Amino acid sequence: MVKKGLLERLQEGPVIGDGGYVFTLEKRGYVMAGPYTTEVVIEHPEAVKQLHREFMRAGADVLQAFTFWSTDDRLSLSGPDAPGNETGKSITCKEMNDQACTIVKEVVGDGDTLVCGGLSNTPSYAQGKGRAAVQKEFSKQVDSFMEQDVDFLLAEFIGNVEEAEWAIEVLKGKGKPVACTLRIGPTGDDSGVPVGECAVRMAKAGADVVGLNCRFDANTCLKTIKMMKDALEKAGLSPYLMVQPNGYHSPETEQTKNGWTILPEFPFALGPRQMTRFEVHHFARAAFDLGVRYIGGCCGFEPHHIRAISEELSPERGGKLGDASKKHLPWGGALKTDQSEKDFINGKDTREYWESVKPALGRPGFPDVQEKLFRQ
């Protein structure tokens with residue numbers, strides 16, 4: 001079948017991205033926290049393949065090859081200050097990226113899901129090695145993506161707009177749509193470049209899609225993407241907007257550069273901060289109403305969160321839903337089917353109920369929550 005491309009789909013309506021791979025696969029025992037490199041694609045390809053399947057079933061229109069931090073300079077970043085970064089001793093960037101693309105293409109098969117080739121920030125930029133060295137690292141990944149004929153290219157999780165511009169320059173001219181997302185909040189990029197200027201510079205560099213991913217939560221990303229949109233409109237530029245926040249609430253980090261990474265719970269005790277599926281419904285609606293057309297998630301976004309985005313925006317997508325929605329009715333609707341357990345349901349089969357619920361930690365030290373439970 002002939003698939004519609006990314007830009008054609010964005011022109012017609014919202015495109016649903018996939019969710020987070022790094023944190024999910026770390027929790028499942030396949031990725032090492034710290035290095036966060038993706039040798040799992042070679043060591044345990046079935047684990048990556050399964051997660052791809054879950055996101056696709058949830059309703060994602062795009063599956064991103066698991067190539068995060070898969071440049072040679074990152075894979076070889078070993079030493080006392082970078083324990084665990086040993087992958088480069090046995091696996092090259094090309095081997096990693098080729099295998100990641102092969103896995104995701106096997107999952108997609110002849111279906112209608114797009115394959116994205118993504119690259120991220122480089123140690124070479126942080127070490128001040130300059131434009132040529134950084135673009136050399138990017139080019140190795142892009143060459144693999146072109147050989148594998150992915151559907152579009154993405155530069156993501158970049159902290160400095162200058163590095164983003166260098167990445168876009170490498171991606172342009174390959175005959176593929178180009179997207180670029182920064183990991184920034186309202187205070188601007190890691191060098192202090194204002195949000196609006198970042199968006200304008202990415203668009204002028206040639207990105208077809210610009211936006212945000214990962215370092216900040218959904219609410220902060222919505223505020224930041226609004227700043228991007230306003231600046232782009234003022235400059236007379238109209239790239240599509242994209243947002244893929246992390247899946248954890250961290251409002252207290254909004255005015256920082258490092259976002260959720262400064263939380264005491266980062267990265268191993270974030271569970272209590274995770275968004276509910278219902279909060280993701282509201283995020284998806286707010287993003288769409290703001291004018292964002294590529295909506296997905298990053299670290300902390302599990303398949304059920306992507307299903308929530310798909311279900312929330314189904315009317316704008318001609319009723320399209322993922323296969324996982326065959327086993328789910330939004331807002332507790334399926335609870336109506338079991339009338340023999342009315343005490344268990346207790347009114348939990350309506351949107352009104354779930355929109356009124358305020359999730360609690362449920363741990364000692366929160367007596368008000370415990371008292372409410374005991375009174376019931």
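How much area do domain 1 and domain 2 bury between them? About 610 Å², with 71% of it on carbon and sulfur atoms. Buried area here is the accessible area, taken with a 1.4 Å probe, that two parts lose on being put together, summed over both.

Some ground rules before I go on. This is a predicted model, where local features need pLDDT of at least 70 and side-chain atom pairs count only at pLDDT 80 or more, while totals for chains, interfaces and linings use all residues. Residues are numbered from 1 along each chain as its sequence is written, and side-chain values use heavy atoms, with hydrogens and water left out.

Let me stay with the domains. Domain 1 covers 6–328 and domain 2 covers 331–375; the bounds come from an automatic or database domain assignment. Their C-alpha centres lie 34 Å apart. Five residues of domain 1 are in contact with seven residues of domain 2, contact meaning heavy atoms within 4.5 Å. On the domain 1 side, Pro272, Phe278 and His282 lose the most area to domain 2, together 66% of what that side buries.

What about polar terms across that interface? The rule finds one residue pair in polar contact, both residues at pLDDT 80 or more. A polar contact is a pair of N or O atoms within 3.5 Å; within protein, one must be able to donate a hydrogen and the other to accept it, and residues adjacent in sequence count only if both atoms are side-chain atoms. By class, the side of domain 1 that touches domain 2 has two nonpolar, three polar and no charged residues. For the classes, Ala, Val, Leu, Ile, Met, Phe, Trp, Tyr, Cys and Pro are nonpolar, Asp, Glu, Lys and Arg are charged, and the others, Gly among them, are polar. The count of salt bridges between the two domains is zero.

That brings me to salt bridges in general. The criterion is a side-chain nitrogen of Lys or Arg within 4 Å of a carboxyl oxygen of Asp or Glu. How many does the structure hold? The number is 26.

One of them pairs glutamate 106 with lysine 49, with the closest N and O atoms 2.6 Å apart. Glutamate 106 sits in helix α6 (residues 93–108) and lysine 49 in helix α4 (residues 45–58), so this pair ties together parts that are 57 residues apart in sequence. Helices are DSSP runs of H or I with at least four residues, strands are runs of E with at least two, and both are numbered from the N terminus. Glutamate 106 is partly exposed, at 47% relative accessibility. On that scale, buried means under 20% relative accessible area, exposed over 50%, and partly exposed in between, using a 1.4 Å probe and protein chains only.

Another salt bridge joins lysine 140 and aspartate 72, at 3.0 Å from N to O. Lysine 140 is in helix α8 (residues 131–148) and aspartate 72 in helix α5 (residues 72–75), so the parts tied together are 68 residues apart in sequence. Both ends are partly exposed, with lysine 140 at 28% and aspartate 72 at 23%.

Then there is aspartate 323 with lysine 326, at 3.6 Å from N to O. Aspartate 323 is partly exposed at 40%, whereas lysine 326 is exposed at 69%. Salt bridges that share partners also join Asp61, Arg317 and Lys320 into one network.

Next, burial of helices. In helix α13 (residues 303–312), nine of the ten residues are buried, so the helix is largely enclosed by the rest of the structure. Its buried residues include Arg307, Glu311 and Glu312. They pack against β1 (15–16), α4, α12 and β8 (294–295).

Helix α9 (residues 161–171) is mostly covered, with eight of its eleven residues buried. Among them are Glu163, Trp166 and Leu171. The partners that the buried residues of α9 pack against include β3 (114–119), α8 and α10 (195–205). Just after α9, glycine 173 takes a positive phi of about 85°.

Last, backbone geometry. Which residues does a cis peptide bond join? Phenylalanine 266 and proline 267, with omega at about -5°. Proline 267 is in the loop between β7 (240–244) and α12 (277–290).

Tyrosine 36 is not a glycine but has a positive phi of about 50°. Tyrosine 36 lies between α2 (22–27) and α3 (40–43), in the loop, and is buried at 11%. Cysteine 214, also not a glycine, has a positive phi of about 80°. The loop holding cysteine 214 runs between β6 (209–213) and α11 (218–234), and cysteine 214 is buried at 4%.
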